[in-house]
Amino acid sequence: MNELNYTEINAKTIDGWIENGWEWGTPISHENYIKALSGECNVLLTPTKYVPENWFTEFKNKKLLGLACGGGQQMPVFTALGADCTVLDYSDKQLENEKYVAEREGYKINIVKADMTKKLPFDDNSFDIIFHPVSNCYIENVYHVWNECYRVLKKGGILLAGMDNGINYLFDDDKSLEIVNKLPFNPIKNKEQYKKIEKTNDGIQFSHTIEEQIGGQIKAGFIIKDLYEDHDSVGIIKDYIPTFIATMAIK
């Protein structure tokens, strides 16, 4: 494993999770899609809190990019609300789920397989909205992602992003509050951390600081308009402290 192939490892790892019933790879039901057609907009950037409705603009005819957002969960909702959706992901199974829901419900969506650690395969000023749920934990350099989001968004465009705050990486499992890891958690650069993840099926994950996650958006040129925190949906830590953040930013 090296810096050149860890994203391939992560894509294959996520494919395996989906085959085993991963929560974030389970497509939206037909019943919930019908609710979205009636105007219901319940989507998640983080594990448990729905995105506030006042974070959204009118969707009709807006070009929306679901960045690392495959799985057939959020894109069907935005499509039902009138958005022209493109989804980008690096997991084949996540993209298969997007295709499955689109065919089941009879709508069109632009499905793109790409690695977000590379230049995004879109022109400058292509999108009105980017919806980016928690996924930066699978990449090392988040500054690149924020810069690319800024590039492909139109002026006045909205970036909605979900992120973890790194606290989960202090612990080795979700049953003990014993701190066993030092941050940053980066198995590419820390041999001991890499030895630990070799024994798990968690892929190659990275902790990131608030400076990287929120400061990185500001450095890219975004104006942060709002944010909220969220707890995990599983594990002992969820009962003690929020470990996720969602931001709404404007170009």
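Buried denotes under 20% relative accessible area, exposed over 50%, and partly exposed the range in between (1.4 Å probe, protein chains only). By that criterion Y240 is exposed, because its relative accessibility is 57%. The model is predicted: local features need pLDDT of at least 70 and side-chain atom pairs pLDDT 80 or more, whereas totals for chains, interfaces and linings use all residues. Residues are numbered from 1 along each chain as its sequence is written, and side-chain values use heavy atoms, without hydrogens and water.

**Sheet**
- An open sheet of mixed pairing contains 7 strands in the order β3-β2-β1-β4-β5-β7-β6; strands are DSSP runs of E of at least two residues, helices runs of H or I of at least four, numbered from the N terminus, and two strands pair if DSSP finds at least two bridges between them.
- β3 (110-113) and β6 are the edge strands, each with a single partner, so one side of each lacks a neighbour in the sheet.
- From one strand to the next, the twist averages 15°.
- β4 (residues 127-132) and β5 run parallel and are joined by 5 bridges, with F131 opposite L160 in β5.
- Helix α4 (residues 92-105) packs on the sheet and touches β2 (84-89) and β3, contact meaning heavy atoms within 4.5 Å.
- The directions of α4 and β3 make about 175°; axes are lines fitted to C-alpha atoms, for helices over the stretch in contact, with angles from 0 to 180 degrees between N-to-C directions.

**Helix α7**
- In α7 (residues 210-220), the buried residues include I214, G215 and A220.
- Their cover includes α5 (142-152), β5 (153-164), β6 (223-230) and β7 (244-250).

**Loop**
- Y240 lies in the loop between β6 and β7.
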